[in-house]
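Colleague: Pick one part of this model and walk me through it slowly, please. Then show me how that part sits within the whole thing.

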Amino acid sequence: MVARTRRHEALEPATPGELLRAIVIPATGLSKTAVAEALGVSRQTLYDVLSGKQAVTPALALRLGKLFGDGPEPWLRMQQAHDVWRLSREMKDELAAIEPLDAA
């Protein structure tokens with residue numbers, strides 16, 4: 001069973017790039033260039049993820065999971081949580097206009 005922590009809904013979830021930049025990459029002792037090489041991606045791709053300009057794709061999640069030994073799921077869950085949080089705010093008015101269906 002996976003333990004899930006609860007965070008305050010007003011707080012934006014961190015992106016995988018933020019976690020990589022602040023904790024994971026420094027813990028390896030490797031440079032960002034070395035991590036990009038180990039992942040088999042360009043340095044620019046890694047820098048775009050670290051800065052939040054690019055999301056973690058399933059392909060990159062597979063690479064991250066292999067490199068760090070935790071599988072792709074944590075990286076995809078983090079990205080999804082961040083994306084859904086942002087979109088739910090951007091689409092607030094549109095979502096408010098949708099009436100839920102009654103259960104059959």
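Modeller: Accessible areas here come from the Shrake-Rupley method with a 1.4 Å probe, and for residues only the protein chains shown count as cover. By that method, the protein chain has an accessible surface of about 7700 Å², and carbon and sulfur atoms own 56% of it. Keep in mind that this is a predicted model: local features need pLDDT of at least 70, side-chain atom pairs count only at pLDDT 80 or more, and totals for chains, interfaces and linings use all residues. Residues are numbered from 1 along each chain as its sequence is written, and side-chain values use heavy atoms, with hydrogens and water left out.

Now for our part: His 82. You'll find His 82 in helix H5, which covers residues 73–90 (helices are DSSP runs of H or I, at least four residues, and strands are runs of E, at least two, numbered from the N terminus). His 82 counts as buried because its relative accessibility is 8%, and buried means under 20%, exposed over 50%, partly exposed in between (1.4 Å probe, protein chains only). Who touches His 82? Setting aside neighbours within four places in sequence, His 82 is in contact (heavy atoms within 4.5 Å) with Glu 12, Pro 13, Ala 14 and Thr 15.

Zooming out, buried residues make up 25% of the 104 in the protein chain. Among the chain's contacts between residues at least 6 apart in sequence, 51% join residues at least 24 apart. The protein chain has six helices and zero strands, and its C-alpha atoms fill a box of roughly 55 × 30 × 25 Å along the principal axes.
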